[in-house]
Amino acid sequence: MKWKELLNILDCGKYMVQIKGSSKNYAPKIQCFTSNTPLRELYNYAEDQKYLFDSKRNKKNNRKYYASLIDRFDFVIEYYKFRKNEEKVCENKCYCCEVMRIFHHGFKEKFNNQEFEIEFNEDVSKKKAILIIEEKDELFFRKGKRFYWRPQINYDKFILSEHENFEKKKPI
Ligand SMILES: [Zn+2]
């Protein structure tokens, strides 16, 4: 995905997308992304390479900051297959290996307690917000100028173990 596009869909505010020939404002409640490449390696970041060169060898500042990308996510989680014994993990889908959930960003307590707070834009009134959440009797509150909603989410609890700031050994 293009850098600019990713930032646009992660940010609040209007973002028009083409759907079936007409344009609609893209405003999801929750966004999940999956990738087999770590977020830290997905782009060529300014933290690693300050300047970029175009085809004419002109130098320009690299504006892709990892710090500005990670701040737009509530959680960055790696799912990591492992075995307690010394055996090798299966390369294909299986039911024998264990799966570890490694929290690289965000708190596991918040994730496990399903504290996914949906933040409404400042111009969304209480009436409008209640309409959006379809009058569901779930946690709805105000913090400063904005309304928040914490919906009940039923998710698969098929997770075996979890680790925070677990340091994975790099494959040799
Ligand atoms: Zn296995």
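These legends describe close-up views of a predicted model.

**Figure 1. Overview of the predicted protein.** The secondary structure consists of five helices and ten strands. The protein has 172 residues, of which 2% count as buried. When contacts between residues at least 6 apart in sequence are considered, 44% of them join residues at least 24 apart.

**Figure 2. Confidence along the model.** The mean pLDDT of the protein is 83, and 88% of the residues reach 70 or more. Among the elements, strand S4 (residues 59-61) has the highest mean pLDDT, at 94. The lowest mean, 56, belongs to strand S10 (residues 161-164). Where pLDDT is low, the predicted coordinates should not be read in detail.

**Figure 3. The open sheet of S7, S9 and S8.** Three strands form this open sheet, in the order S7-S9-S8, and the pairing is antiparallel. Strand S7 (118-119) and strand S8 (139-143) are the edge strands. Each has a single partner strand, so one side of each is left without a neighbour in the sheet. In a regular strand the side chains alternate between the two faces of the sheet.

**Figure 4. Pairing of S7 with S9.** S7 and S9 run antiparallel and are joined by two bridges. Ile118 has Trp149 in S9 as its bridge partner. Trp149 also stands opposite Phe140, a residue shown again in the next view.

Figure 5. S8 pairs with strand S9 (residues 146-150) in the antiparallel sense, over five bridges. Phe140 stands opposite Trp149 in S9, and Phe141 stands opposite Tyr148 in S9. S8 and S9 form a hairpin with two residues between the strands. In this hairpin, Gly144 takes a positive phi near 65 degrees.

Figure 6. S1 and S2 pair in the antiparallel sense over four bridges. Ile19 stands opposite Ser22 in S2. The hairpin has two residues between its strands. Lys20, in the turn, has a positive phi of about 45 degrees, although Lys20 is not a glycine. Is Lys20 buried or exposed? Lys20 has 5 other C-beta atoms within 10 Å; the cut-off for an exposed residue is 12 or fewer, so Lys20 is exposed.

Figure 7. Arg57 is found in the loop between strand S3 (51-53) and S4. The phi of Arg57 is positive, at about 65 degrees, although this residue is not a glycine. Arg57 counts as exposed because it has 6 C-beta neighbours inside 10 Å, and a residue with 12 or fewer is exposed.

**Figure 8. Ile132 in helix H5.** Helix H5 covers residues 126-132, and Ile132 is found in this helix. How many residues apart in sequence are Ile132 and Lys29? They are 103 residues apart in sequence, while in space the distance from C-alpha to C-alpha is 10.0 Å. Ile132 has 15 C-beta neighbours inside 10 Å, so it counts as partly exposed. The reasoning rests on two cut-offs: a residue is buried with 20 or more such neighbours and exposed with 12 or fewer, and partly exposed in between.

Note on methods:
Residues are numbered from 1 along each chain as its sequence is written. This is a predicted model: local features need pLDDT of at least 70, side-chain atom pairs count only at pLDDT 80 or more; totals for chains, interfaces and linings use all residues. Two strands pair if DSSP finds at least two bridges between them. Two residues are in contact if their C-beta atoms, placed from the backbone, lie within 7 Å. pLDDT is the predictor's confidence in each residue, from 0 to 100.
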